[in-house]
Amino acid sequence: MNKFLASLFFLILSITATYAQVFEPVKWSTSVEKLSETEYYLVSKATIDEGWHLYSQNVPENGPIATTFTYSTTPDFKLLKETLEEEGHVVDDPVFQMEIKFFEDHAEFRQRIKILNSELSLVNGEVEFMVCDDERCLPPNFVDLTFDLTKSVAAAAEEGAIFNKTEDNAAANSNIIEPVKWTTAVEKVSDTEYNLVSKATIDNGWHLYSQKVPDDGPIATTFMYYEDATYQVIGNTTEADGQTVNDPVFNMEIKFFENTTEFRQRIKVLDNTLKTVTAEVEFMSCNNTQCTAPTYVDLNFDLSKSASASVDNSAEISETSTEDEKGLLGIFFVAFLSGFAALLTPCVFPMIPMTVSFFTKQSKSKAAGIRNAVIYGVSIIVIYVLLGILVSLIFGADALNALSTNVWFNLIFFILLLVFAASFLGAFEILLPNSWANKVDSQADRGGMIGIFFMALALAIVSFSCTGPIVGTLLVQAAAGGSQVGPIVGMLGFSLAIALPFALFAAFPGWLNSLPKSGGWLNTVKVVLGFLELALAFKFLSNADLVLQTHFLEREVFIAIWIAIFGALAFYLFGKIQLPHDSPISHISVGRLSLGLLVLSFTIYMIPGLWGAPLNLISAFPPPLDYSESPYGVGNSKGGGAAASVSHEDLPDGAHLLAPHQILAFNDYDKGLAYAKEVGKPVMLDFTGWACVNCRKMEQNVWVKDNILSILKNDVVLISLYVDDKRPLPKGEVMESQLKPGKQLKYIGQKWSEFQTIKYKTNTQPFYVLMDHNGDNLNTPVGYTPDAEEYHTWLENGLNNFKTE
């Protein structure tokens, strides 16, 4: 009996053990590999029992649970890129009926980190995973991971190669494209000066844009150096020559790079203990079918590993500044012409014969008169160049680089130019205090070179009502160009044009007889300059409007304002408009009539711009075609459809009519989805960008087709998400990046870019998704599809799937 009970007990125990067996087919271990003093690999190794398999980090939707790593991020370190994995096996899974990547026997995962606190010793993490064999799957499991940095080993070369290989595989499997890879180096120029070299390696078929692109063009490559008390940035970041092509979409010449390129920034070290310099580069890249969203990459320059700068490198830096030289030559040329225009104003022109006669009569000989006139001219140049130097020193290189895109600077410049224009048109005169002129005039009586200098200063003060607005405009334009020496070059060109006549007429007094007599025509020149100032002012207001995306000054409004300004100028030249300081006109001279006809012709030329004409002669001034009510004309709703009958007042909350086709569209995901549910239509997500070339090609060449335009207007709700929208996120919506933990998303465009990357595993534009009200895809999303029939078929397929739901 006892034997029977014992046998029964062991039988029950064995059965219980069989049914209570706990499977642990995956064992996890960790290690740490040291890359540098601040960077490490956190290595997670999975040992997998025979017959079982562990799934990849990237699996298709509706597939198995992906292996997912989370790290307890702290201020002591930050993650660099994503957790990378080995190649594994890709098979067609008969259960899920899809291709799935998994690992057998073993697998390694690497996470690169950067240490921000040298005392950090441990990093904690967690891995979520599931495993299956041919018969069963285990539920998702969570395992804690601990990485001991004090036990790190040096990373081997072959393992570094594996890192690069797995990085490529991860990108390929997730459709996250990284066509540009960045590396850094440092060149030592002297004991205190270094070149920070950023090298971009660009995938075949892709191109990276220059630091300088025209207004309304693509996103420029932009470097931001975190300057502090330890070092000083010298000059601008220079770049290689690259290629300049005429882009058919933007209708402008754009410079870009292919294969490889380098950027150099000279710095001066102020603290000998400085070891590393950090920076960030913002860029976008494109190929013939797609563009990436604006991307931000951190750059680290290790000064302790610097190499001596060769002569060839110095020559290259000089060569890369040719674009700056071209810009400065343009500033000088415009300033020189502006100086001649200033000569023909009532405040300056009458001074030429008076001043030259003074020098020739008061001097003991003709040579002395010429010498004094030359000194007078040189003094004028010195005075204005000193003004340019003062502006450059006050603003500095960083501030000047920010002027072209800074909203407040553009608004201030707009107001300044309005004031200058009103002054030229006769509303008032901008005068410096009389006490200044009196003090300077008293110094001019001292004689000699000092007296001549103060005579030149007196001219600058007395003529300020005419020259001030021109000088102010030149300084604004030169400063907005972003070069610190721009204002200096501008004042050199302007003052040279002012000074030359005094020296020339002093050398050849007989030429004075050929000068036209002073009269009402001088005020005409001043008024013409006033109209030009007024037209230029609205370019700065347009810049601010484009940055803020307020659509207050759309293309048609801008062109209408210019038509009004130049139309009024034409009427003025024909004598139909009189301003306060004008003399009575008994007849119109041939020169004035010719100029009036030229201005009238220009005015008529701009009128078709209201109906979508590109206006190539002035393409750099008005907003782009897509920033308009409609390129087909004010009030025209070509294409018909439901959206065409919707007025701006009747638009749903968050909606607008998308130019150029007047499609009802949203720029907010939640509002667009809510409206789609309300009207019972599917959603088309349009991941796009203001600077996306192929997005514009699709809109201009494919969307315009009648069968496609009809669907976009009547059958779907369009949500356009701009990945390069630089408007800041509202305070309540600022969030931490899920792709780059520790980095804040600052802009609306970054929010939509990360949304696209996480949800759709791609980061290129254009990218189109048809989805239902639950956010599920109705068909496979597509990118750039220039074949209109193929795109139409894709739309019809998604609509049919929505109807069957």
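Is Lys 188 buried, partly exposed or exposed? At 33% relative accessibility, Lys 188 is partly exposed, where buried means under 20% relative accessible area, exposed over 50% and partly exposed in between (1.4 Å probe, protein chains only).

## Basis of the report

This is a predicted model, in which local features need pLDDT of at least 70 and side-chain atom pairs count only at pLDDT 80 or more, while totals for chains, interfaces and linings use all residues. Residues are numbered from 1 along each chain as its sequence is written, and side-chain values use heavy atoms, with hydrogens and water left out.

## Salt bridges

A salt bridge is a side-chain nitrogen of Lys or Arg within 4 Å of a carboxyl oxygen of Asp or Glu. The whole structure contains twelve salt bridges. One of them joins Lys 188 to Asp 191, at 4.0 Å from N to O. Asp 191 is exposed, with 65% relative accessibility.

Glu 39 and Arg 112 form a salt bridge through their side chains, at 2.9 Å from N to O. Glu 39 belongs to strand 2 (residues 39-48) and Arg 112 to strand 8 (residues 106-115), so the pair ties together parts that are 73 residues apart in sequence. Here helices (H or I, at least four residues) and strands (E, at least two) are DSSP runs, numbered from the N terminus. Glu 39 is buried at 13% relative accessible area, whereas Arg 112 is partly exposed at 26%.

In another salt bridge, the closest N and O atoms of Arg 266 and Glu 193 are 3.4 Å apart. Arg 266 lies in strand 20 (residues 260-269) and Glu 193 in strand 14 (residues 193-202), so this pair also ties together parts 73 residues apart in sequence. Elsewhere, a network of salt bridges links Glu 33, Glu 108 and Arg 110.

Helix 13 (residues 555-573) has 19 residues and spans 27 Å from its first C-alpha to its last, close to the expected 27 Å; the expected span is 1.5 Å times one less than the number of residues. Gly 575, which follows helix 13, has a positive phi near 85°.

The axes of helix 13 and helix 14 (residues 590-606) come within 8 Å and cross at roughly 160°. Axes are lines fitted to C-alpha atoms, for helices over the stretch in contact, and angles run from 0 to 180 degrees between N-to-C directions. Helix 13 and helix 14 are therefore roughly antiparallel, a term for angles over 145 degrees. Residues in this contact (heavy atoms within 4.5 Å) include Trp 562 and Phe 566 of helix 13 and Leu 595 and Val 599 of helix 14.

Notes
Parallel < 35°, antiparallel > 145°, perpendicular 65-115°, else oblique.
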